[in-house]
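User: Please take me through the fold and the ligand surroundings of this model, one question at a time.

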Amino acid sequence: TGTPLADRVAVISGASSGMGAATASRLAELGAKVAVLARRKDKLEALVERIHAAGGTAMAVPVDVTGRDAVHAAAQQIAERFGQADLVFNNAGVQLVSPITDLRQDDWQRQIDLNITGVMNVIGAFVPHLTAAAEAGKSADLITTSSIAATRILEKFSVYSGTKAYISHLTRLLRVELGRKNIRVATIEPGMVDTELPDHVTDPDASKLMADLIDQIDVLQSADVAETVAFMAAVPRHVNLTEITILPTAQA
Ligand code: NDP
């Protein structure tokens, strides 16, 4: 059918731009009700309008996911409006690469706060939702955005890569506990995707590296990631695609 996700309630963090926004649109197109989380309220509201105009159902939940109580409040709001979430795309992240000797400790902290603490806050707020959905016999998905940086040795990426390695290994461990409860746990590990991510990088060499790659090869678009997440969620309930690496064909 055209709406394989018709009975699903999806939560997407980092949904105001990039792969989160594209995934929200795609999941809504496939019939899911989608709750979109990020800090920029205007962007979220514009996205919700686009989804509604296309015939979908969405709600904007402006929230900074680094705040634990705020994420719990968001989960409550979503439950009241849409019911328990059964598809969580835990995707908000920031990449601020720089040489370690520059001691950009504020940048280190921002990456740790969002990519680790923010990811854990979303898990803390929505594992009860996923558990309830699985107990009710529904498919339940916790999909977190890691990166190829989780395993590759990329100079100047140390703190970012460390946060993504945390996510990838965390996911392997969570799967053991939650898989038994019929909750699918997965990471998606993309290579270069054309999003706002490199715009935040302040190290000139590192931003040049990313800009050059975008110029030289046909990199991934957010829609490619969206299609992959939709596929992971739409397979039968007993099938768990656990770690999906998605690379631009021409990226080494
Ligand atoms: P974007 O910068 O376009 O998206 C990041 C999203 O995170 C935005 O919606 C941003 O919205 C949100 N965000 C940032 N800070 C917070 C916060 N404190 N609370 C809530 N939301 C927040 O980049 P991408 O789409 O590329 O990034 C998505 C994920 O993909 C990240 O985890 C990134 O590490 C990962 N990734 C990206 C790759 C790439 O090449 N682009 C490759 C591999 C992985 P707002 O500012 O409104 O809060």
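Analyst: Helices, as named here, are DSSP runs of at least four residues, numbered from the N terminus. The model is predicted.

User: Which helices each supply at least two residues of the shell around the ligand, and which one gives the largest share?
Analyst: Two helices each supply at least two shell residues: H1, residues 18–29, and H4, residues 105–135. The largest share is three residues, and the helix that provides it is H1.

User: How does the shell around the ligand divide by class, and which residues come nearest?
Analyst: The shell holds eleven nonpolar, 14 polar and five charged residues. Of the 30 residues around the ligand, those that come nearest are Gly 14, Gly 18, Arg 39, Arg 40 and Gly 93.

User: In what order do the strands of the sheet lie, and which stand at its edges?
Analyst: The sheet is open, its seven strands pair in parallel, and their order is E3-E2-E1-E4-E5-E6-E7. On average, neighbouring strands are turned by 15 degrees against each other, direction ignored. Two strands have a single partner each, so one side of each lacks a neighbour in the sheet; these edge strands are E3 (57–62) and E7 (243–246).

User: Across which strands do H3 and H4 lie, and at what angles do they run?
Analyst: Helix H3, residues 68–82, lies across E1, E2 and E3, and its angle to E3 is about 160 degrees. Helix H4 lies across E1, E4 (87–90) and E5 (141–145), and its angle to E4 is about 175 degrees.

User: Are H4 and H5 roughly parallel or roughly antiparallel?
Analyst: H4 packs against H5, residues 158–179, with the axes 9 Å apart and at an angle of about 10 degrees. Angles under 35 degrees count as roughly parallel, so H4 and H5 are roughly parallel.

User: What classes of residue make the contact of H4 with H5?
Analyst: On the H4 side the contact includes Trp 108, Ile 112 and Val 119, and on the H5 side Tyr 160, Lys 164 and Ile 167 are among the residues. By class, the contact has eight nonpolar, three polar and one charged.

Key
Residues numbered from 1 in each chain as written. Predicted model: local features only at pLDDT ≥ 70, side-chain atom pairs only at ≥ 80, totals over all residues. Near = placed C-beta within 6 Å. Nonpolar A, V, L, I, M, F, W, Y, C, P; charged D, E, K, R; others polar. Pairing = 2+ DSSP bridges. Axes fitted to C-alpha atoms, helices over the stretch in contact; angles between N-to-C directions. Contact = placed C-beta atoms within 7 Å. Parallel < 35°, antiparallel > 145°, perpendicular 65-115°, else oblique.
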